[in-house]
Amino acid sequence: MTTKFETRIAAMSNAFDIFHGQWCSNVPLYGGGPAALFNDSRIVDFDKTIGGFAGKKVLELGPLEAGHTYCMSLLGASEILAIEANQDAFLRCLVVKEIFDLKAKFLCGDFIKYLSLSRPTADVILASGVLYHLEDPLLAIELMTKVADQICIWTHYYDKELIDGNEILAGKFDDPDFQFFNGRKIKYSRQSYKNDLQRTDFAGGVEVHSKWVSLDGLVSAFDALGFSVDILSQQLNHPHGPGVTFVAKRRLST
C-alpha cells in the first residue's frame, strides 16, 4: 500500500481535495459538484412545517456529504445523529464536520440494521434521498415511525407513465407489482442501477436493485401506521424520476 502525504501548506481546501471528482454537492468555500444540498430550500420547507429544527434532536438517514446536516445545524438543531452506509461519503461527511465545526455525530453503516437493533429516539427524522435506494422501503418506513413523531422525507416515487416517458429511466424498471403492508396493497416497481454502479460519484443504495413505491402507496403506508402526510411539493419533471417532498406526522390519539 502506498502512503499518501499532503505536501502543500496546511489548508482547509486540502481535505476537500482528497475526494476531488467525487463530490456531489456544491460545498461552501470549495465547490465540488452541482447539487445545492448546503443551501436547500427543502430543508427550509421542512423547518417551517415541523415548527423548526431549533432545539430538536434529529436522526438523519443518508446524509451523503452532510449538506443537510449543515443546514439543520444553522437552523439550531440541538443534536444530530447521521448514519451513512457509503464509506467514501461517510469520510466526506467527516471532512465537512471538521471544516464547519458541525455539532453532529456521524456513524458509518446500515441504518436499517441500526433502527432494527438499537431503537433510537428522536424528535425528528430526516430521510432525504434514501427511500428509493432501498430493497424494502416499507420496512424503513415502519422502523422510522417507531423512532419519531415527525418524519421529513424527500424521495423519488414510482409513476409508470412518467418513468416510461423518461428515456434515462425507462429501461431500468420492472413491471409494477404489489406488496401487502399492514393491511394495505402497495404498488411498487423494482429498478436496477445498471451502469450507474461504475460512476465515481455513485450515491445509490447498498444493493444492485431497489424498490420505488408509488406516491399513493407511500401515503397509504404512513396512514396505516397512524401518520398523516403533508405533501409540500412534487417534482414531476425531475430528470431522475418524479419526486415528492413531504412531512409525515403522528396523529394524536383521541
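1. S7 and strand S10 (209-213) each supply at least two residues to the lining of the largest cavity. Helices (H or I, at least four residues) and strands (E, at least two) are DSSP runs, numbered from the N terminus. S10 gives the most to this lining, with 3 residues. A cavity is, on a 1 Å grid over the protein atoms alone, a set of points where a 1.4 Å probe fits but cannot get out, and lining residues have an atom within 4 Å of a point.

2. The model is predicted: local features need pLDDT of at least 70 and side-chain atom pairs count only at pLDDT 80 or more, while totals for chains, interfaces and linings use all residues. Residues are numbered from 1 along each chain as its sequence is written, and side-chain values use heavy atoms, with hydrogens and water left out.

3. How many cavities of 30 Å³ or more does a search of the whole structure find? The search finds 1. The largest cavity has a volume of about 30 Å³; a volume is the space filled by probe spheres set on the grid points, which are joined across faces, edges and corners. Its lining consists of Leu131, Pro137, Thr155, His156, Tyr157, Lys211, Trp212, Val213 and Leu218. These divide into 6 nonpolar, 2 polar and 1 charged. Here Ala, Val, Leu, Ile, Met, Phe, Trp, Tyr, Cys and Pro count as nonpolar, Asp, Glu, Lys and Arg as charged, and the others, Gly among them, as polar.

4. The second largest pocket holds about 150 Å³ of space. A pocket is an open set of grid points with protein on both sides within 12 Å along at least five of seven lines. Lys4, Phe5, Glu6, Arg8, Asn14, Ala15, Asp17 and Ile18 line this pocket, and they divide into 3 nonpolar, 1 polar and 4 charged.

5. The largest nonpolar core has 36 residues, of which Leu59, Leu61, Ile125, Ile141 and Met144 touch the most other members. Helix H6 (residues 137-145) provides the largest share of this core, 5 residues. A second, separate core of 30 residues includes Phe16, Phe46, Ala77 and Leu102. A nonpolar core is a set of buried Ala, Val, Leu, Ile, Met, Phe, Trp, Tyr and Cys residues joined through side-chain atoms within 4.5 Å. Buried means under 20% relative accessible area, exposed over 50%, and partly exposed in between (1.4 Å probe, protein chains only). In soluble globular proteins, nonpolar side chains tend to be buried together.

6. Leu59 is in contact (heavy atoms within 4.5 Å) with Leu81, Ile83, Leu115, Pro120, Ala122, Val124, Ile125, Leu126 and Val147, leaving aside its neighbours within four places in sequence.

7. Is H6 mostly covered or mostly uncovered? H6 is mostly covered, since 7 of its 9 residues are buried. The buried residues are Pro137, Leu138, Ala140, Ile141, Leu143, Met144 and Thr145. Asp136, in the loop between strand S6 (124-128) and H6, is partly exposed, with a relative accessible area of 32%. Its C-alpha atom lies 21 Å from that of Val124, although the two residues are 12 apart in sequence.

8. The structure holds 13 aromatic pairs. Rings of Phe, Tyr and Trp (its six-membered ring) pair if their centres lie within 6.5 Å; planes under 30 degrees apart count as stacked, over 60 as edge-to-face and the rest as tilted. Phe222 and Phe227 form a tilted pair, 6.2 Å centre to centre with 55° between the planes. Phe222 is buried at 0% relative accessibility, and Phe227 is buried at 1%. The rings of Phe222 and Phe246 have centres 5.8 Å apart and planes at 75°, so this pair is edge-to-face. Because Phe222 lies in helix H8 (residues 215-224) and Phe246 in strand S12 (residues 243-250), the pair ties together parts that are 24 residues apart in sequence.

9. Tyr132, Trp154, Tyr158, Phe173 and Trp212 form one aromatic cluster. Trp154 lies in strand S7 (residues 150-156) and is buried at 7% relative accessibility. Not counting residues up to four places away in sequence, Trp154 touches residues including Arg42, Phe46, Tyr132, His238 and Thr245.

10. Ala66 sits in the loop between strand S3 (57-61) and helix H3 (67-74) and is buried at 0% relative accessibility. Arg119 lies in the loop between helix H5 (111-118) and S6.
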